[in-house]
Amino acid sequence: MKFDFSGKSVVVTGVAGILGQTVANAFHEASAHVIGIDLARTDAIYETIELDLTNHEECVNTFDSIPQIDVLCNIAGGFVMGESVAELSDETWDFMMDINVRTCLNAVRATVPKLRERGGKIVNVGARAALKGAGRMAAYCASKSVVIRLTESLAEELKREKINVNCVLPSIIDTPRNRKDMPNTDFGSWVAPDDLAKVVLFLSSPLAEPIHGATIPVDGLV
């Protein structure tokens, strides 16, 4: 399916990462005006902004400077294995909540006032791991579970204002880092970033107008 986002302005957070780059490139190829946001400097063919998404005030100021936003894709996030629950450090807990939840929340709070002017789409990235706990992954599972609940709550609040909010739940994404960390795994069973990007673009398109608060599993063959 070929998407056309001509005339649309799309903000993609976490654009320095593999999935963020892939999603931003897909929107660019679909003729969107793309604004990529990340803490790290990124060289790209689209507009990029360096921003600490955990800083609410900086987020508001930066998003206020963007003339038009039609789509927000919250790709920023990360994973650490962490300790057992009984030994979980404040540092691990806070890091997971900051990078997976606070980045999403701050981007949403800065974007929704603009979307209310003309309607639009928000797509968040949860994780299949958010559906149940796992050993030494409590902070990650909890943080991604919060993203799902934020998605559902926000969708309920905004659906009558022509704003769609949905979430994708990937399993393991096929990235160089994951291949390095799990070298003895069947990489072919993982989700390719290009395939996940297609689902994000679908949820950002007019085809997804009736969909609100969905959590879409994107499992590959896992």
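Two strands are taken to pair if DSSP finds at least two bridges between them. Helices (H or I, at least four residues) and strands (E, at least two) are DSSP runs, numbered from the N terminus. The structure is a predicted model, in which local features need pLDDT of at least 70 and side-chain atom pairs count only at pLDDT 80 or more, whereas totals for chains, interfaces and linings use all residues. Residues are numbered from 1 along each chain as its sequence is written, and side-chain values use heavy atoms, with hydrogens and water left out.

By these criteria, strand E6 (residues 163-170) and strand E7 (residues 215-218) pair in the parallel sense over four bridges. Within this pairing, Ile216 of E7 is the bridge partner of Val168. E6 is also joined to strand E5 (residues 120-125) by six bridges, and E5 and E6 run parallel. Ile122 stands opposite Val165 of E6. Between E5 and E6 the chain passes through helix H4 (residues 138-158), giving a right-handed β-α-β crossover. A crossover is termed right-handed if, with the strands pointing away from the viewer, the path from the first strand over the helix to the second runs clockwise.

Burial was assigned from relative accessible area (buried, under 20%; exposed, over 50%; partly exposed, in between; 1.4 Å probe, protein chains only). Eight of the eight residues of E6 are buried, so this strand is largely enclosed by the rest of the structure. In a regular strand the side chains alternate between the two faces of the sheet. In E6, Ile163, Val165, Cys167 and Leu169 point one way, while Asn164, Asn166, Val168 and Pro170 point the other way, and all are buried.

Five of the six residues of E2 are buried, and the strand is mostly covered.

Nonpolar cores were defined as sets of buried Ala, Val, Leu, Ile, Met, Phe, Trp, Tyr and Cys residues joined through side-chain atoms within 4.5 Å. The largest has 28 residues, and those with the most contacts inside it are Val12, Val23, Phe27 and Cys73. Two or more residues each are given to this core by strand E1 (9-13), helix H1 (18-29), strand E4 (71-74), E5 and helix H6 (193-203). The most come from H6, which gives five residues. Another core lies apart from it, with 24 residues, among them Val11, Leu51, Ala76 and Ala107. Contact is defined as heavy atoms within 4.5 Å. Leaving aside neighbours within four places in sequence, Cys73 is in contact with Val10, Val11, Val12, Thr13, Val23, Phe27, Val123, Val200 and Ser204.

In helix H2 (residues 56-64), the buried residues are Cys59, Thr62 and Phe63. Seen down the axis of H2, these buried residues fall within an arc of 95°, so they line one face of the helix; the arc is that of the directions from the helix axis to the C-beta atoms. Glu57 and Asp64, on the other side of H2, are exposed. Val60, also in H2, counts as partly exposed at 25% relative accessibility. The buried residues of H2 pack against E1, strand E2 (33-38), strand E3 (47-50), E4 and helix H3 (90-118).

The cysteines were examined for disulfides, defined as pairs of cysteine sulfur atoms within 2.5 Å. The count comes to zero. Cys59 is buried, with a relative accessible area of 0%, and its sulfur is 11 Å from the closest cysteine sulfur, in Cys104, too far for a bond. Cys104 is likewise buried, at 5% relative accessible area; the closest cysteine sulfur to that of Cys104 is in Cys167, 8.0 Å away and too far for a bond.

The C-alpha atoms of Val191 and Ile173, 18 residues apart along the chain, are separated by 4.8 Å. Not counting residues up to four places away in sequence, Val191 touches Ser171, Ile172, Ile173, Asp174, Leu196, Val218, Asp219 and Gly220.
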